[in-house]
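Thanks for coming. I will go through one structure today, chain by chain, and keep it short.

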Amino acid sequence: MTSTTAPTGPRPEGPPSDKGTGRARPQRPVRELGVLLAVVLLVAGTWIQNPGFLSQQGVRDLFLGATVLSVLAVGQALVLITKNVDLSVGSVMGLSAFGTAALFAALPGIPVPLAMAAGIGIGALCGLANGLLVATVQVPALVVTLGTLYAYRGFGHWWADGGQINAHQMPEAFLALGGVSVLGVPLPAAVAAAVVVATGFYLARYRSGRELYAIGSDAHAARLSGISVGRRVVAAFAANGALAGLAGVLFTARYGTVDSTAGFGMELEVVAAAVVGGVAIAGGVGTVYGAALGAVLLTTITAALPIWQIDQFWHQAVVGALILSAIGLDRLLALRNARKLGGGTHGP
Amino acid sequence: MAPERTAPAPRPREEPAPRPGRVRSLLSARESPVVAALLVSLVFASFFLDMFATGRNMGFLLLSVAAIALMALPMTLIVITGEIDLSVASTLALSSATLGVLWEAGIPIETALLICLVLGAALGAFNGLLVTVFGLPSLAVTIGTMALYRGLAYVLLGDRAVASYPQDWVSGVRAPFLGIAGLPWIAVAILALAALFAVLLHATAIGRSLYDIGNNTEAARFTGVPVRRTEFWLFTLSGTVASGAGVFWTLQYGTSRADTAFGLELQVVAAVLLGGVSIFGGVGTVLGVMSGVLLLGTVRNALQLLGVSGDVLQIVTGLILIASVVGPNLVASLRRRIPVPTILRPPTHHGERP
Amino acid sequence: MTQQPPPAPPPLELVRVAKSFASVRALRDMSLELRSGEIHALVGENGAGKSTLVKTIAGVHRPDSGWIRADGVPVTFARPADAQRAGVAVIHQEPTLFPDLSVAENIFIGRQPRTRLRTIDRARMRRETEEVFNRLGVPLGPDHPARGLSIADQQLVEIAKALTRRARVLVMDEPTAALSGVEAERLFTVARTLRDQGVALLFISHRFDEVFALCDRITVVRDGSFVSCDPAADLDVDTVVRRMVGRGVDTLYPKQETEPGRVLLEVEGLTRGGVFDGIGFTVRAGEIVALAGLVGAGRSEVVRALFGVDRYDAGSVRVGGARLAQGDPKAAMAAGLALVPEDRREQGLVMEASIARNATSTRRGALSRLGLLTSRAEDEACRSWGERLSLKYRRLTDPVSTLSGGNQQKVVLAKWLATGPSVLFVDEPTRGIDVGTKAEVHRLLSGLAGEGLAVVMVSSELPEVLGMADRVLVMHEGRITAELDRDEADEESVMYAATGQPPREALR
């Protein structure tokens, strides 16, 4: 019963204003389409600049380049949507990549799917540990995953002991995965696309998926609505870990040679991809399609810079500028919407 | 049905017992575990490692944590107000790269240093502008500027390194203080700076208002604290100090590279949190943070002397960080479960609000 | 309207319910019977226990004694889910929707209709949402995002949620406080439709025109107790107001007679779009001026704007003749203004900080020596104020959250009185504090006015307003609707002006 929060005052006695009632504005994936448009424009422009950009090999490289980052971005989006963050994904991916390779090296006869499942399992375990720490001990995700960023990476280094595992220690069948194509799309990229679509479908069509948005939107209200917030958050972290594990497996398959530094420093690029794709750090907003498109955009920029005769060293600055414009744009749109809908502008 | 009219006469309260409070608050403070851990690790390392307590090793240890210690000071203030600055390591790198480019262009090093500091202030002010004027979350903003500033460093230097710094400057930053072996003057300078920050935070009106902002921004506003202006200047300060750390780092290693100090921001944040500063804001001390920085440095140094590989160091760093946050939370939740003896409870309340 | 009581037992019934918080008895002896197909009004002053009653029905609070019966069977609501299961739905004044989800998802969150593959049946969810919106006459699409909906629409979404849960008892806690006339009318249409469909409704409002136009039966509460329950047709506004107030101004209010001095505060044409409009008044030294009105009338917003916490669009503020810059609390403090805000815990105090730090937070500059501020200086300054206000505490270093509500309020008062203000704004100075401390606060304010301080008091408690004020400004929907001198002001004149009723003979 506070009198400060309710926007009241002179009552308009005229005809009803269109405060959100008259014209319904359904949620459309405008944000995702914007990123898609940017990707298309960038690809088209680069192609005009140099048709070699879209040669068979060029497309292949583009696909493969985006694979790992988009899988990671999808996982990160799951966590960000619940208003958490996972900074340990780079380390988890590195651990899985090395773990998968080490398994092949240690047990030469091991079936390929089993080793891959093990790699994903390592990631899932790491994610589960993050989630449990966040949900049960109530430690902020930023702190927990900053800690596990070091711990997982350190564990990986300790395991690898400075060594690396080379392609010849891994079965041909596994390494060939990187070269196989499905309908002209490299298999890893196809896997990534399947992951994006499946996760997107899950988030949109399952109760538990929608509940992730509810939690990020207002955790207190979610609890009042009977949503088991803790369990969902743990699940989101575990899924993110599993996807980071998958990214590690894909990384190993593609490069063939891994040491324990795989994915070093990757966490921030992953968060960047998700944010550029419209997933809000403040939770509750965004789709995995957007996150994946953000990853594609970042990789495409990397690939396009040399063609535009721009020094590759501009890459990171461009990424930074892109993140800032993305959050600035989101903020601007939010403010404009708030103003258009009237009210809600109280307080700071 | 009539309202009670009899106002109970206010009981005069006996004067509170004279200050066992100070000792108690020292013991129960959040940073005391870190301080204790630091002391224990110093004692252990000195006893069991012959190499540890030598002047050479001490100097090495102090130099290795100097940049982190520097950046941790303004970071402490920022985290206490409930914000964060992840761009410090990139600011350091950009400042270092700028120094390199200016030096190569033949600008006197003194002038170049000054330009770097001004640049750092501008980079910090840009963060502050985005956070306070545009109202963007500092976490997202500084992830963005972390990439941007690092990127600009690459733009300036590419993968080149500038290493032609004048030898007297390079050896100058590592010089011992008053000839005392194992005590670099930079360590003394940082100590003095830390004392300054401690005074600012713990014994001035501004310092008090930082805690208020972190604990309850709304109440701070109602008390006349200029919240946005304060936060703007904190980010500016952070940028300035980070570029100072960049200058120091450059001269310490005698080289400028764009990828320098990559990932150092996380170590700075880790040290600050380890030192007992709450990520939610409102809690923390300079003493705790400096102990956190030194604890991380000591453990790392000792393990290195033991021949433990860098990998275990990272595991230990991560685990210490997690333990430092999980610990207090666990203790708090245990306390909630165990009933407090009546005698320790605060006085009975009248009219607690429902 | 049905005059015969229905033969079936009422869907929800409260019998002699009592509930206390620490030493405050929010409900003493409360009985209420909600019948199917009837809109029941609950009226009472602020602080009469209405909110506690609603929370008890919603399963947030458990009564200390008394029973709740559903369909004649005693039930226990241990948590909100229990109440929901019993068919009770509560529409709060400010609903809590998920802003990022569509309205359809908000209605069905956690219980969306599913296909055989366990995916959400979006078509069905949309259809059912459309159906319930049609039933309610809401022109919203199911895919509309909840973000940016007006409070009126959010309430309708909450009602839709209640309906899809097949709620049989619908409680609306001051639903019209934030609605425009047209929006309120739409809500009433919905309420009548539901009544005709057999739902039992409880409607809480301060607006008598609404209560009499909408409700079939009116229960009056006072001081946490049941006063009366009669068919609306048998009552009139005067009777209800008399029963609500039900007592004279008593010695809780030791108002000293003072001679007003020179004008200290002049406000002219103060306007903030949609919040308050054309506010103008003056306050003299030694005067206590009350800003009375209903919750949501814009009183707190006015004092916040005067103090510089919020901005205003037009108007001017003069303190002691000098124009005060807007939006700058520091400047306001320097000019001699002080604000004891409405929400002690969120705005008045930093709950985690110590008593001493809170009490001295307004004059840290003055307590510093050579720029240095020591705990000792803070403690000393705080201790002297603690004695003056007979503050009860263990140690000055304890967090202020360990104090009782009344003592917390004393810390806020100390914090502001220490600045030596010439104009003091107090917003709900005695909300949620015990009777004894209340009297102390009143004595203090009266004494301060006697010493020449100008006091502007926002209060929703009529006895406090009438007992303390030299002049009463009554606000209604962002405007000042009446200015009453001490001898003109009584319960009825203030209540009429506050509810926007046409002024009667005594009013200007």
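**Chain B, chain A, then chain C**

I will start with chain B of this predicted model. Take the contacts in chain B between residues at least 6 apart in sequence: 77% of them join residues at least 24 apart. Chain B has 14 helices and 2 strands. It is 354 residues in length, and 52% of those count as buried.

Now one pair of helices in that chain. How do H4(B) and H5(B) cross? Helix H4 of chain B covers residues 88-104, helix H5 of chain B covers residues 109-132, and their axes come within 9 Å and cross at roughly 150°. Angles over 145 degrees count as roughly antiparallel, so H4(B) is roughly antiparallel to H5(B). The crossing of H4(B) past H5(B) is right-handed.

Who makes the contact? On the H4(B) side, the residues are Thr91(B), Leu94(B), Ser95(B), Thr98(B), Leu99(B), Leu102(B) and Trp103(B). On the H5(B) side, they include Ile109(B), Ala112(B), Cys116(B), Leu119(B) and Leu123(B). By type, the contact of H4(B) with H5(B) has 11 nonpolar residues, 4 polar and no charged. When you look at the spacing of such residues, keep one thing in mind: an α-helix has 3.6 residues a turn, so residues three or four places apart point the same way.

Ser41(B) sits in helix H2, residues 32-48 of chain B. Is Ser41(B) buried or exposed? The cut-off for buried is under 20% relative accessible area, and Ser41(B) has 16%, so Ser41(B) is buried. Setting aside neighbours within four places in sequence, Ser41(B) is in contact with Leu295(B) and Thr298(B). In sequence, Ser41(B) and Leu295(B) are 254 residues apart, yet their C-alpha atoms are 7.5 Å apart in space.

On to chain A, with the confidence first. The mean pLDDT of chain A is 82, and 89% of its residues reach 70 or more. Residues 1-26 of chain A are another matter: their pLDDT stays under 50, although the model has 75 contacts for them beyond four places in sequence. The pLDDT is also below 50 over residues 342-348 of chain A, a stretch with 6 contacts beyond near neighbours in sequence.

Chain A also has a helix pair to look at. Helix H1 (residues 30-49) and helix H12 (residues 288-304) of chain A pack at about 20°, with their axes 9 Å apart. Angles under 35 degrees count as roughly parallel, so H1(A) is roughly parallel to H12(A). Their crossing is left-handed. Among the residues in contact are Glu32(A), Val35(A), Val39(A) and Leu42(A) from H1(A), and Tyr289(A), Leu293(A), Leu297(A) and Ile301(A) from H12(A). The contact of H1(A) with H12(A) divides into 12 nonpolar residues, 4 polar and 1 charged.

Last, chain C. Lys161(C) lies in helix H5, residues 151-164 of chain C. Its relative accessibility is 10%, so Lys161(C) counts as buried. Beyond residues up to four places away in sequence, Lys161(C) touches Asn106(C), Ile107(C) and Arg111(C).

How many residues of H18(C) are buried? Helix H18 of chain C, residues 491-498, is mostly covered, with 7 of its 8 residues buried. Among them are Glu491(C), Ser493(C) and Tyr496(C). After H18(C) comes Gly500(C), which has a positive phi, near 75°.

That is the end of the talk.

Technical notes. Residues are numbered from 1 along each chain as its sequence is written. Chains are lettered from A and ligands numbered from 1 in the order in which they are written. This is a predicted model: local features need pLDDT of at least 70, side-chain atom pairs count only at pLDDT 80 or more; totals for chains, interfaces and linings use all residues. Side-chain values use heavy atoms; hydrogens and water are left out. pLDDT is the predictor's confidence in each residue, from 0 to 100. Contact means heavy atoms within 4.5 Å. Axes are lines fitted to C-alpha atoms, for helices over the stretch in contact, and angles run from 0 to 180 degrees between N-to-C directions. Helices (H or I, at least four residues) and strands (E, at least two) are DSSP runs, numbered from the N terminus. Angles under 35 degrees count as roughly parallel, over 145 as roughly antiparallel, 65 to 115 as roughly perpendicular and the rest as oblique. A crossing is left-handed if the near helix is turned anticlockwise from the far one by less than a right angle, and right-handed if clockwise. Ala, Val, Leu, Ile, Met, Phe, Trp, Tyr, Cys and Pro count as nonpolar, Asp, Glu, Lys and Arg as charged, and the others, Gly among them, as polar. Buried means under 20% relative accessible area, exposed over 50%, partly exposed in between (1.4 Å probe, protein chains only).
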